[in-house]
Amino acid sequence: MSSIKIVRLDVSGPNKPLSTIEFGDKITIIAGPSDSGKTCIYKCINWVLGASHREENIPLDEQDGFDTIALTVDVGDGRLVIKRKIDWKKIEVESSSPSIESGEYLLDPTKANPKSTNDFFLSLLGLPTDLSLP
């Protein structure tokens with residue numbers, strides 16, 4: 001990969017209007033007074049990229065009606081949409097990049113589905129996913 005750039009962050013839920021942040025071409029500064037949502041933006045990005053399912057990492061309260069976070073990322077040779085719901089222990093990736101496989105990546109992989117978020121990030125960095133120690 002030559003570059004990785006966050007393009008947009010979408011937060012949605014049933015019967016809620018889509019809430020979107022578009023990131024700039026060079027730099028985006030998120031500024032505002034206390035309790036205006038800056039930390040929530042960080043937590044949403046952290047969550048969609050595979051944060052552990054501990055209460056302090058969960059960025060949204062489902063009682064507010066939002067339950068899905070999607071992050072669009074430009075990876076040079078295509079775009080990725082990485083999606084995670086609040087109750088998921090996985091991410092879903094839609095990829096137009098030939099080097100990143102679309103599909104589910106589990107935070108805790110199983111024998112039935114061995115693709116993990118670690119595999120996703122290794123692919124994103126252009127590294128082989130079958131690394132083994134000598």
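Predicted model: local features only at pLDDT ≥ 70, side-chain atom pairs only at ≥ 80, totals over all residues.

1. The place of Lys 43. Leaving aside neighbours within four places in sequence, Lys 43 is in contact with Glu 56, Asn 57 and Pro 59. Lys 43 itself belongs to helix 1, which spans residues 38-48. Between Lys 43 and Pro 59, which lie 16 residues apart along the chain, the C-alpha separation is 5.1 Å. With a relative accessible area of 27%, Lys 43 is classed as partly exposed, because the partly exposed class lies between the limits of under 20% for buried and over 50% for exposed.

2. Six strands form an open sheet in the order 2-1-3-4-5-6, and their pairing is antiparallel. At its edges are strand 2 (19-22) and strand 6 (103-106), each of which pairs on one side only. From one strand to the next, the twist averages 20°.

3. Strands 1 and 3. How many bridges join strand 1 to strand 3? There are seven, and they connect residues 5-12 of strand 1 with residues 68-74 of strand 3, the two strands running antiparallel.

4. Helix 2, made up of residues 117-124, lies across strand 4 (79-85), strand 5 (90-95) and strand 6. Relative to strand 6, helix 2 runs at about 115°.

5. The aromatic pairs. The structure holds two aromatic pairs. In one of them, the ring centres of Tyr 105 and Phe 120 are 5.4 Å apart and the planes meet at 55°, so this pair is tilted. The pair links distant parts of the chain, since Tyr 105 is in strand 6 and Phe 120 is in helix 2, 15 residues apart. Phe 120 also pairs with Phe 121 in an edge-to-face arrangement, with 5.1 Å from centre to centre and 65° between the planes. Through these ring pairs, Tyr 105, Phe 120 and Phe 121 are linked into a cluster.

6. Is Phe 120 buried or exposed? Phe 120 has a relative accessible area of 0% and is therefore buried. Tyr 105 is buried as well, whereas Phe 121 is partly exposed, at 26%.

7. Lysine ends over rings. Which lysine has its charged end over the ring of Tyr 105? The residue is Lys 115, whose charged end sits 4.7 Å from the centre of that ring. In another such arrangement, the charged end of Lys 90 sits over the ring of Trp 88, 4.6 Å from its centre.

8. Positive phi angles. Asn 15 is not a glycine, yet its phi is positive, at about 60°. Asn 15 is found in the loop between strand 1 and strand 2, and its relative accessible area of 80% makes it exposed. Asp 35 likewise has a positive phi, near 60°, in a residue other than glycine. The loop that holds Asp 35 runs between strand 2 and helix 1, and Asp 35 is exposed, with a relative accessible area of 83%.

Definitions and conventions: Residues numbered from 1 in each chain as written. Heavy atoms only, no water. Pairing = 2+ DSSP bridges. Helix = DSSP H or I, 4+ residues; strand = E, 2+ residues; numbered from the N terminus. Axes fitted to C-alpha atoms, helices over the stretch in contact; angles between N-to-C directions. Contact = heavy atoms within 4.5 Å. Phe/Tyr/Trp six-rings, centres within 6.5 Å; stacked < 30°, edge-to-face > 60°. Buried < 20%, exposed > 50% of the residue type's maximum accessible area, 1.4 Å probe, protein only. Lys NZ or Arg CZ within 6 Å of the ring centre and 35° of its normal.
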